[in-house]
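Hi,

Here is the structure I promised to pass on.

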Amino acid sequence: MHKTLFIAIFFLFLGNTIVFAQAKTVTPKTAKDSLKSINIAPLTPAKAAFYSAVLPGLGQAYNKKYWKIPLVYGAIGTSLYFYIDSNNKYHQYRDAYKRRLEGYDDDKFSYLDNDRLIAGQKFYQRNRDLSALVTLAFYALNIIDANVDLIYSRLNKRLLADQCRRDAEIKKII
């Protein structure tokens, strides 16, 4: 019993000395600047562009420009629709032409001659390639829009803050 009492008293004194051994740090009080500066993180436009590159429209959501998301999907979706449609028609004309060369004449383009089938192939191939380029252009425009929109919105906030500060200074002078 004396041994456990001695150990308990020892830890009690040891614990108290540790508490008193802690040093207090005094932070000097400074006056805060009355004019708040707007800190602009330099990576946020890149983040918006990255989000748009991963999923089209996500950069616009990051910028809180939700009304642009249907425009992005409408533009990319429409050009993808025309790409897929032109690709399917190109393959139909190509397959019909190949069957004609093999001697079959029982396809749905039996009313067309070989020259018209070749012209149809070229027409739909050109439209397919153009639709692919337009899809890529809309995808790139989506990324550029997310990046530039965030840059200009941050710049606009900074200019507005500077204008408010100048107005406040003018009011103090008057």
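Below is what turned up, starting with the overall picture and moving on to the side chains.

A word on the ground rules: this is a predicted model, where local features need pLDDT of at least 70 and side-chain atom pairs count only at pLDDT 80 or more, while totals for chains, interfaces and linings use all residues. Residues are numbered from 1 along each chain as its sequence is written, and side-chain values use heavy atoms, with hydrogens and water left out.

**The overall picture**

The protein chain has five helices and zero strands. Helices and strands here are DSSP runs (H or I, at least four residues, for a helix; E, at least two, for a strand), numbered from the N terminus. Of the 174 residues in the chain, 21% are buried. Buried means under 20% relative accessible area, exposed means over 50%, and partly exposed is in between (1.4 Å probe, protein chains only). The accessible surface comes to about 13,800 Å², and carbon and sulfur atoms hold 64% of that; these areas come from the Shrake-Rupley method with a 1.4 Å probe, and for residues only the protein chains shown count as cover.

Now take contacts, meaning heavy atoms within 4.5 Å. Among those between residues at least 6 apart in sequence, 61% join residues at least 24 apart.

**Helix α2**

Look at α2 next: its buried residues are T44, P45, A48, A49 and S52. They cover an arc of only 145 degrees around the axis, which puts them on the same side of α2. (The arc is that of the directions from the helix axis to the C-beta atoms.) On the face turned away from that buried side you'll find the exposed residues F50 and V54.

**Rings that pair up**

Rings of Phe, Tyr and Trp (its six-membered ring) pair if their centres lie within 6.5 Å; planes under 30 degrees apart count as stacked, over 60 as edge-to-face and the rest as tilted. By this rule there are six aromatic pairs. One of them is Y51 with Y62, an edge-to-face pair at 5.3 Å centre to centre, with 80 degrees between the planes. This pair links Y51 in helix α2 (residues 44-54) to Y62 in helix α3 (residues 58-62), eleven residues apart. Y51 counts as partly exposed at 26% relative accessibility, and Y62 is partly exposed at 27%.

Y93 and Y124 make a tilted pair, 5.6 Å centre to centre with 35 degrees between the planes. Y93 lies in helix α4 (residues 69-102) and Y124 in helix α5 (residues 114-173), so the pair ties together parts that are 31 residues apart in sequence. Y93 is buried at 13%, and Y124 is buried at 17%. Together with F109 and F123, Y93 and Y124 form one aromatic cluster.

**The nonpolar core**

Which residues make up the largest nonpolar core? There are seven: Y90, Y93, A96, F109, L112, L117 and Y124. A nonpolar core is a set of buried Ala, Val, Leu, Ile, Met, Phe, Trp, Tyr and Cys residues joined through side-chain atoms within 4.5 Å. The elements giving two or more residues to this core are α4 and α5, and the largest share, three residues, comes from α4. Leaving aside residues up to four places away in sequence, L112 touches Y93, R100 and L117.

Happy browsing!
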